[in-house]
Structures are given as structure tokens and as C-alpha cells.
Amino acid sequence: GVTLSSPDGLAWQVHTPEGLLDVTPRDLATDGRRVVMVGNHGSALSQDGREWVEIDDLRENDLGSVIWTGEEFVTARQYASTLSSSDGVTWQFRSTVPWAQAEVRDMAVWSHFSFMVGEGGGIAFRRHDTDQDWVLVSGPTTIPLEAVATRNGTTVAVGGDGGLEAATVILTSSDGIRFSRSLATPPGVATADVTATDSGFVAVSNGTDWGGGPSLLYSTDGVVWNIGQFDGGTGFPPSELDAVTSVPGRVVAVGDGASVVSVDGGATWTWSEFTDQRFSTRAVATDGQIFVTAGEGRSAFTSSDGVIWEEHPGSFGSGQRNAIAWGNGRFVAVGDGLEVYTSPDGVTWTAAPSPTLHLHDVIFTGTDFVAVGDAGAVAWSTDGAAWSTHFIADRPPLRGVAWNGTDLVVVGG
């Protein structure tokens, strides 16, 4: 790398110091006595901006930005954490960055506050004179979102990446517009669905690419989340979970070859195998009396308790059912293919033309069914049979939809 120095900001002198041979510079900060440079593969320190010495504590770290707060230097390791130093030589861990898998772009100081911005529009701040951690303001993730639910004015959106660089994403909002990152655990699961319950929210995961099983998360406020625990069952537990719904006092989630049930708001769960373990469910809904699930096969399943299921072969044609909703006296099932399906009881189903291929979610607002899918498709219908369709500009893939009482909230990516 090279550096430039100037006594007046007009005339500049170029320097090629040996201490920067391994560092690709990205940012500078000074406390008035020394200059700290950070970048890819490490950092360096200089007393005059001409001669540089690599900082051992930060060697081989990819650093996005550095600031002087008036009391200490603070720098951000990409995708990981912030570090601080009073002298630019000895550095210690400060805190994790407030978002996952998004690069820290820049940092700044104003009054008693430090500000951080990241890839995808993330903004966070913290006070210097307290032990407060970084507080996320907006733009919390670049990871695709899969599902969304609302309860008592709070909207929760979930998603994630189940690969080796796995990250759980759970976002909350009081208006459906400005979202902040929730405290979600564990960090290594791809959250597939979320539902509102009579005591809060429950989210389920479909496991990880590296072999981790499903996780069940529950929260009373959508902000702080806890991990639910399996507490026995019949047969084998599901290897993944893809959908969840609830009635007062009972939460039911479905996945590969089995369902799981909780009667304490998501803290403990029991599982039950389907008769045909090959059946992989992707959707579940309830009318308050019975639960209905469907997925990759041509069968629908119904249950009064989410434990014992009755199969109804030949309910559907080809393709996969991705979501089911109840409203206006009928169930509506949508998915991949040329048809959607309606049923008054979850047993007998009638096909109707699908408004578009690859619908991923459907809800009932109280007056209309609304479905979302690929290419920015938003479709609505009063009866689930005749649909009107609108395509959002830029045609993003839409994965989830919820109704908060006044507005639709749609997520995807």
C-alpha cells in the first residue's frame, strides 16, 4: 500500500513504507499524536503518516473502519466484532457487530456517540460514556427473509442461512416499516416460519446444511428469544421443520415425516410421526378446530390435536403445497404449479387456476386472501378460486406475508 501526507491539504507527498506491504488500507483515524490505519490483512501505526509499523494484535484481520472516540480507538472486524485500544498498539474485544453476514462499511463519531453503517443499509450506534452495546437502528440484514407474523402491534420477520456461515435472522417492528434485529439463538439455523401465539411468538427452523437438526424458538415480545426443548414423542422426531400455526393453548409445527406440539407457548415440545414417514409437509393451518397440513405429496392430512393425523390421498395434483390459510369458511392451499386448492373441511379439495407459478405464502386479512410468490407476485381473492394479481417493481422473490390490521407486510429476498 501507499500513503500520502500533506501539511496543508493541497500539496501531497507519496510514501511507500515497508510496514504496509501486507496491508491493503481502508481507513485512518488519529488521536492527534499518532495515526492508526486499518484494512484488509491487518493494521499499522504511524507517528507522522510516513513511517508505519504493523500492529501485531490486529495481524491478518480484515478491518473495515476505525475511529477515535476521544478516549480510545475503535475498529470493526468484518462480519464479527469491534475492538478498542487506548494507544493503537494493544487491542481488546469490545462487542459483536449488531448484524450478521453484512460488511461494516464505515464508522463515525459525534458528541458522546459512535455510529456504524453496514452493507445493506444497517445503522447502529452506542454511547461512549456507558457500557451500552451497539443498538441497531435500521437495515438489519441482507439475508433472505422467509416468513412474517404480527401480534398486538408487533411484526416479526424471520429468515436465515443454514450453511457453514449460518446466521439466524429475526427482526421486529412496531409499524411494519422500520425493523431492528432481535436477540435470536442459536445463530446457526435457517428460520423457516413464525406464528403469533396467545403468549407471544414461535419460530421454527429447517436445520442446517452441516447436519444440525431443527430448532424451536419462542418469545413473549418478539425481541428476546429462547430455545424450546424436545420432551419425547412417538417414533422419530422430524429432521427439519418448515411451518407452524397455533390456537389458544396449543402450537403445532410440521416438517419431514412428523409434527411437533407445544402446550406451554413453545418451551417444551413432543413429536409424533406421520403414518407415512416419507411424507414431507411444508404448510399447516387451522380453523380453530382442526389442523390441516400438506406438502410435497398429493395427500392432505387433518388432525384435531396436531398429534394424530388422518391422511386424505389424492387431495391435490402435481407440485408442492407451500402454504395454507383459513378464512371465509374455507381452507386455501397454494404452492408450485398451475393450480390452487380450496376446501371447506381440509378433507375434500377443489382445484382452481393459480394466479401465477410458485406461490410461497397465503393469508386471510379478514376480507380477502392474499398470496405472494416469485417475480414480485402479489395476488388477492375473496374466495380462493378467482384471483387478481399485481407484480411489484423489480420483481423480487416474495416469501411471506402478514396483515397487521391496517397494512400488508411482505418479506422476501
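Reader: How many residues lie between β5 and β6 in their hairpin, and which residue in the turn has a positive phi?

Author: A quick note before that: this is a predicted model, where local features need pLDDT of at least 70, side-chain atom pairs count only at pLDDT 80 or more, and totals for chains, interfaces and linings use all residues. Residues are numbered from 1 along each chain as its sequence is written, and side-chain values use heavy atoms, leaving out hydrogens and water. Strands are DSSP runs of E, at least two residues, numbered from the N terminus, and two strands pair if DSSP finds at least two bridges between them. Here, six residues separate β5 and β6, and Gly49 in the turn has a positive phi of about 80°. Two bridges join these antiparallel strands, with Leu45 opposite Val53.

Reader: What about the hairpin of β4 and β5: which residue takes a positive phi there?

Author: That's His41, near 75°, in a hairpin with one residue between the strands. Five bridges link β4 (residues 35-40) to β5, again antiparallel, and Val38 sits opposite Ser43.

Reader: Why is β5 described as largely enclosed?

Author: Buried means under 20% relative accessible area (1.4 Å probe, protein chains only). Five of the five residues of β5 (residues 42-46) are buried, so the rest of the structure largely encloses this strand. Gly42, Ala44 and Ser46 cover one side, Ser43 and Leu45 the other.

Reader: And what does Ala323 touch?

Author: Contact means heavy atoms within 4.5 Å. Leaving out residues up to four places away in sequence, Ala323 touches several residues, including Ala283, Val332 and His360.

Conventions: Buried < 20%, exposed > 50% of the residue type's maximum accessible area, 1.4 Å probe, protein only. Helix = DSSP H or I, 4+ residues; strand = E, 2+ residues; numbered from the N terminus.
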